[in-house]
Amino acid sequence: MKAEVNESELIKSRSRRLRGTLAESLADELTAAIDPADTQIGKFHGFYQQDDRDHRAKRRERWLEPEYSFMLRARLPGGICTPAQWLAIDRIGRELAQGSVRLTTRQTFQYHGIPKQDLRGVIQGMHQALLDSIGGCGDINRNVMCNPNPDASLLHGEVYDWAQRISEHLLPQTRAYHELWLDGERLDGSGEEAEPVYGETYLPRKFKTAIAVPPNNDVDVYANDLGFIAIADPAEPTRLLGFNCLAGGGMGTTHGDRSTFPRLSDELGFVRPDQVLAVAEAVVTAQRDFGDRVDRTHARLKYTIERMGVAAFRAEVERRAGLTFAAARPVAFTDHGDRYGWVQGQDRDLDQEGRWHLTLFVENGRLQDLPGRPLLSGLRAIAEAHQGDFRITPNQNLIVAGVPAAEKGRIEALAREHGLLAAGHSPLRLGAIACVALPTCPKAMAESERYFPHLLTQVEALAARHGLEQQGMVMRMTGCPNGCARPFLAEIGLVGKGPGTYNLLLGGNGTGTRLNKPYRDNIGEAEILDTLDTLFSRFAAERLPAERLGDFVIRTGIVSPVTDAARDFHD
Amino acid sequence: MALSQLTALTSPLEEGQLAALDQALTGLSTTQIAWVSGYLAAHSALLAPAANSGRMAAPSAGLEPATEPALSGGLKLLYGSQTGNAQGLAETLAGLARARGMQPQLVSMGDYRARDIGRERLLLILVSTHGEGEPPESALDLFNYLHGKRAPRLEALRFAVLGLGDSSYEHFCATAKAFDAQLRSLGAHPLLDLQCCDISYQDAAADWSARALDLADQVIGELAGQRPDGAPQRSEANVIPLHWARSFGTATTNAAPTNHPLVARLLERRPLTTADAVSDVHHLALGIEPGALQFAPGDALGVWFRNEPTLVEAVLSATRLDGDAAVTVGDTEIALREALSERLELTRLHPTLVKSWSGITDSELNGSSKPNTDSVTDLAALCEDGARLRQYAGSRQVIDLIEDHPRRLDATTLAALLQPLSPRLYSIASSQAEIDDEVHLTVSLLRYLVGDQRRLGGASGFLAQRLDEDAVLRVELKPNPNFRLPSNGDTPIVMIGAGTGIAPFRAFLQERAARGDRGRAWLVFGNRHQRRDFLYQLDWQAHRQRGQLTRVSTAFSRDQAGKRYVQHRLLEQGRDLYGWLREGAHLYVCGATAMGQAVQEALRALIEREASCDRETAQEHLDTLRRDGRYQRDLY
């Protein structure tokens, strides 16, 4: 068989270990953009070129290029940073990124609207706070997620350590990032560094890794290319035995292409903690060598595994890692949302009193100073007072973690004063997430983050009309089918199809272990509300005790369950 | 007739000798006078050869070609013009001189070799002043030479200077004043006192011209007697042809627009800046008849505009005058409303108008009450304080004066007080090599507040807001021979522009693209925000794509904490820029005067640094570039 590799592969290959012509692109004063090939390379350094799509037409009329700027996403394994780091993150956001910081669905933060000439300042500012953006985007292992687990504090510490180690282990070896953004020094061998894990063309597509700690599946571990589920010793729940290893999950699809589908990962088996790095590397290199480099829409690991079969893939990983998987341990998840408010951890300080953790509500992860809700200022005030750490959750919220009992009142007062508490919001809103989409995301087909709160208000009213105002329902929205807000795991998923229209999917189970199913295509707000009205009406009347909406629609046959997405998602 | 006006002051003769000479010449024919003049010249040469050579600093007589006489005894008219007004006056003056039978040499200071000044005997200078007292580009060489160490003594020279300026500026006619003072200090003899003309200069200039020519005529007569070869110097007149004089010669601001009935039509207007930009800049495409209007990249277009109708009505209302009242403007009688709309200046308030206004008393109108006493006192005090007066006038329009200080006057008085409307100049932003039936302009809308009243620039408001698509407007060409692409298309060019100063460079690149030129081009552009006001950004990108634009440097002053301007970028890239200069690049600077000065300082500094020379040498290097036409500026 003869096939041409796709253009991205050529760009990576020619890039001299992720340098490309970025230096020249940055120096080009005629445009706020970078060279098209460099936009591919820039992703590995953590940034996407975007433009304000609201202004495109008007600018073209004025003979101005699109309003280019950059989104930069940090690498922050497990979402943890110190208060000092938060102050740096905050300062950069205020000074160089239009006064805003976004918490992402993968437990990191990102900036929008960075002008080209400020990229270096942003990266250097982060570096000074010991933060980086390597692999923030790009065909490489992305930010490693880890359940922030405020109550199971003892287990969390150990699991989080593995998240960090996986992240470090899967970093590229090129010095391009340092050369371009930090010291500028070009050492011998620049452009020819050995990349033992990735090789010169890196991965065929993005690669996502997450670690879950049952019973919480907030990381949506099955939606990742590589997943680990922490297994505690049943006899001693704070002792980590090892992990169930998963591979081949992923959300992204392409509208109208039935050969693409969201997929839950398969269990490869159980491994001990000391085998984690070897397994992670083996999964990555297997995908490196077997992944599709011709068609990017089929390049994720989930398609590789569909093609190879799970057994063959498992065997390949075992061979590469030099181990044999043990049988996966039984696990059970209860939810994939956040626990708002105060939770006491199991770790004890000197007074033998558990530390406290406060989960704040940050709608769609968007932090800025709004009239009456100065969110950024509030977090700054908390960071100045706080001695523990901050944890960004997979649901775009923030945990003020490790607060001594004596400090609780002060922290809570600051949070309340700045509009950061969850109290007063409906369970629906507190369980909802949305991606950024318009106007900046180049992939967006419809609104998401800036429209979703408005839609939620109407759905809240609907739910109230049917007596469901206290019902938790996982509702997620994205502006395109790439799935950043993991909409295919929601009980009610809305995936942007065109301006003002969405595909409506139903049937997630509220724990992130079942995909939903397309229910209506390409419908606008009126039809969405109409459909939900009918659905809520039936649900309110016919539900079993404690039955969730996602289970109800399956039981009553409103949609059929997705059990093998490659074959039944589109049926 | 000339002799009767000679005096002992303007000639070396005593009164008695003059009378005798007058008597001797009475009744002689032109031929007889010519013979006598030759006789006397020869006589003079025989009697006192040493006296002549002793007086002159340029002793190279005999080695010069016939067109460069050792003593250029004829009438030389030197003009230093920026917008063309001084040139227009000089051409008129030359015409008047020719009508008197004189054969003046009319030369732009830019084409004049400064060291030849030592050979001149009779010189009339017409020179304008710009911005902060700056000479026009073309006058710089001569100006610097006269003020430099090598300036010769000029005892043999008789001269008169006419200056053009705008008394609303602090350095009113500073260039003319400096020329006049420096010529005097070098020993030259003034024929007349310095004449400084304000923006309404026609009457004063006509008066000065007549007096200057009368006196010049006398001097020519005297000089004829001193010529060693006895030949009338008129035969050696060396009129330097001006290839574009035809279209411009008689243009004056008093002329009604119909004197230059070039008509253009607005084809398209598009904004170039975003809604949140500091400035509001528009691109205009005007349709023209290519046969009637031919221009070169670098030229400007004068635009005749109509004042805003609401402004006209406001003036009528504030003066309580009838818009249908007939008034005379120029030679025509028209309704006051029409005059205010199309013939009189309403958007530029000149200090002279404030002064005239201050002088109005109600006695000019029967039966009306006196104006408010406070207003009279305030205005009088204002007129006494030059700086305050300029500040007042510079930040207001005519309507503000009228409303601040209401006076009763009749329509005729009002029309006479107001300045005639003058066309506004815009550098042309297109090339006829690319599109021959269009002229493109880059217009920044002038907006400001007076109190809480919104005021618009006259022409920019007309062009950017009021003119409808497909409507016609009157225009005239203002050629700028001092802002021209190098004739060799392989010559590298560096184009430095800020704000709408970028306009002529669009024409340059269009021209070069159309000609298939392959010379490198470097654009240095400054404005406020890259995102909001990078004028013609897509054009420059297309030019670069096609290889027409080699390099781009930008300075957006408000995109970072500290302000950065084009001069900073030039200094940062001094080594490269100097390299381009060494490779023969031509430098062009277009934009506001202050920017031009800052750029000049940066250029001097970078030459000093890169050539490791001292300040004077660097300045000479720049002067040489300017003389060679490799450093051209269009500042406003």
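Two strands are taken to pair if DSSP finds at least two bridges between them; helices (H or I, at least four residues) and strands (E, at least two) are DSSP runs, numbered from the N terminus.

## Basis of the model

This is a predicted model, in which local features need pLDDT of at least 70 and side-chain atom pairs count only at pLDDT 80 or more, while totals for chains, interfaces and linings use all residues. Residues are numbered from 1 along each chain as its sequence is written, and chains are lettered from A and ligands numbered from 1 in the order in which they are written.

## An open sheet in chain A

In chain A, 5 strands make up an open sheet of mixed pairing, ordered β17-β18-β19-β20-β21. The edges are held by β17 (433-434) and β21 (517-523) of chain A; each has a single partner strand, so one side of each is left without a neighbour in the sheet.

Within this sheet, β18 (residues 475-478) and β19 (residues 492-498) of chain A run parallel and are joined by 4 bridges. Met477(A) has Leu494(A) in β19(A) as its bridge partner.

Strand β21 of chain A also contains Asn522(A), a residue other than glycine whose phi is positive, near 55°. Asn522(A) has 14 C-beta neighbours inside 10 Å and therefore counts as partly exposed. (A residue is buried if 20 or more other C-beta atoms lie within 10 Å of its own, exposed if 12 or fewer, and partly exposed in between; C-beta atoms are placed from the backbone.)

## Packing of α12 and α13 in chain A

Helices α12 (residues 375-385) and α13 (residues 408-417) of chain A pack at an angle of about 170°, their axes lying 9 Å apart. Axes are lines fitted to C-alpha atoms, for helices over the stretch in contact, and angles run from 0 to 180 degrees between N-to-C directions. The pair α12(A) and α13(A) is therefore roughly antiparallel (an angle over 145 degrees).

On the α12(A) side, the contact involves Gly378(A), Ala381(A), Ile382(A) and Ala385(A); these meet residues of α13(A) including Arg410(A), Leu414(A) and Glu417(A). Contact here requires C-beta atoms, placed from the backbone, within 7 Å.

Two cis peptide bonds are described in chain A. One runs from Pro214(A) to Pro215(A), with omega near 10°, and Pro215(A) is in the loop between β7 (209-212) and β8 (226-233) of chain A. Another links Leu438(A) to Pro439(A), with omega near 5°; Pro439(A) occupies the loop between β17 and α15 (452-465) of chain A.

In chain B, helix α1 (residues 15-25) has 11 residues, of which the number buried is 0, so the helix lies largely in the open.

How values were computed. Angles under 35 degrees count as roughly parallel, over 145 as roughly antiparallel, 65 to 115 as roughly perpendicular and the rest as oblique. Two residues are in contact if their C-beta atoms, placed from the backbone, lie within 7 Å.
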